[in-house]
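Dear colleague,

Please find below the structure that I am handing over to you.

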Amino acid sequence: MTDGLSPYQSGYFATGDAKPPLVKLAYSQPDVLWWNTAYSGVNTSQAELNRLWDSTIPWENGIIAISNEEAEEMGLPDSQPFPWDSHRKRIYIVNAHHLLHCVRNIYISIHQYRSNEAQTIRYEHILHCLDSLRAETMCTADDTPRYVPLNSAHNGYRPGDGQQRTCRDWGQVQEFIRSHDPCYRYLRPGDPEQSNLERFSFCPSTSEYLPKIRKYYGYSDDWVPPPAEGPREIQW
């Protein structure tokens with residue numbers, strides 16, 4: 001930041017028409033609006049709500065490693081090098097997954113407040129997340145008119161329930177991300193002593209980087225990362 005300006009406003013980055021390939025996805029995926037889902041259902045147990053918000057939101061795999069050539073073709077700004085291939089790849093964060101990270105953080109903060117537990121996510125971070133959701137809502141400007149039931153008490157329907165709409169294909173986004181996997185896992189969240197490098201050490205057994213990771217940490221030749229299991233920031 002320079003004098004209160006963003007990097008783009010200050011001229012730090014180029015501001016051309018560069019667009020990553022994913023923004024070309026068409027709105028082709030049928031979808032149905034619902035006021036409540038399993039993530040907010042009144043009949044979903046607290047333990048199940050915690051599990052869903054803590055472990056099933058795929059924000060982590062939005063951290064990707066892109067080759068230098070691909071990043072340049074996409075017109076992306078320079079970024080941090082991928083630690084196990086620093087001369088060939090850079091680290092980026094897919095914006096949609098950053099937003100998933102934010103809604104997860106907001107849920108955790110609300111749950112901790114309601115449970116009278118210590119807050120593990122700083123207030124400034126929560127404000128950043130709310131601001132990100134505000135900005136992205138206005139940027140994407142979804143203008144779908146949600147219908148309003150003639151009688152809000154009729155059959156328990158709420159505005160938009162069961163209404164058809166069309167979305168972009170999340171599966172195609174995930175496919176792109178899987179092809180740019182940087183072996184990242186958010187290990188020991190909130191631990192200031194946790195090495196960020198270690199979070200990039202969860203490669204599959206077929207990864208070309210696993211031998212390098214084993215050598216760096218002194219692991220045996222048959223070492224593989226342990227599976228991600230159990231609660232991390234809230235109990236379920």
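A pocket here is an open set of points on a 1 Å grid over the protein atoms alone, with protein on both sides within 12 Å along at least five of seven lines, and its lining residues have an atom within 4 Å of a point. This is a predicted model, in which local features need pLDDT of at least 70 and side-chain atom pairs count only at pLDDT 80 or more, while totals for chains, interfaces and linings use all residues. Residues are numbered from 1 along each chain as its sequence is written, and side-chain values use heavy atoms, with hydrogens and water left out.

The second largest pocket has a lining of 28 residues, and those nearest its centre are Glu60, Arg185, Tyr186, Ala228 and Arg232. Its space comes to about 490 Å³, the volume being that filled by probe spheres set on grid points joined across faces, edges and corners. The lining comprises 15 nonpolar, four polar and nine charged residues; Ala, Val, Leu, Ile, Met, Phe, Trp, Tyr, Cys and Pro count as nonpolar, Asp, Glu, Lys and Arg as charged, and the others, Gly among them, as polar. Helices H1 and H5 each contribute at least two lining residues.

Overall, the chain contains six helices and four strands, taken as DSSP runs (helices H or I, at least four residues; strands E, at least two) numbered from the N terminus. Along the sequence their order is β-α-β-α-β-α-α-β-α-α. Of the 236 residues, 33% are buried, that is, under 20% relative accessible area, where exposed is over 50% and partly exposed lies in between (1.4 Å probe, protein chains only).

Helix H3 (residues 95-114) has 20 residues and should span 28 Å at 1.5 Å a residue, which agrees with the 29 Å between its end C-alpha atoms; the expected span is 1.5 Å times one less than the number of residues. Its buried residues include His97, Cys102, Arg104, Ile106 and Tyr107. Among the elements that cover them are helices H1 (46-55), H4 (123-140) and H5 (170-178). Within H5, glutamine 174 is buried because its relative accessible area is 11%. Beyond residues up to four places away in sequence, glutamine 174 touches Pro58, Asn61 and His97, contact meaning heavy atoms within 4.5 Å.

The largest nonpolar core has 15 residues, of which Phe82, Trp84, Ile91, Phe200 and Cys203 touch the most other members. Strand S2 (63-67) and helix H6 (210-217) are the elements that give two or more residues to this core. A second, separate core has eleven residues, including Trp53, Ile106, Tyr107 and Ile126. Such a core is a set of buried Ala, Val, Leu, Ile, Met, Phe, Trp, Tyr and Cys residues joined through side-chain atoms within 4.5 Å.

Finally, some backbone angles deserve mention. Most residues other than glycine have a negative phi. Alanine 141, in the loop between H4 and strand S4 (164-168), has a positive phi of about 45 degrees and counts as partly exposed because its relative accessibility is 48%. Cysteine 183, in the loop between H5 and H6, likewise has a positive phi, about 65 degrees, and is buried because its relative accessible area is 2%. Asparagine 116, which follows H3, has a positive phi near 55 degrees.

With kind regards

Key: On a 1 Å grid over the protein atoms alone, a cavity is a set of points where a 1.4 Å probe fits but cannot get out, and a pocket is an open set with protein on both sides within 12 Å along at least five of seven lines; lining residues have an atom within 4 Å of a point.
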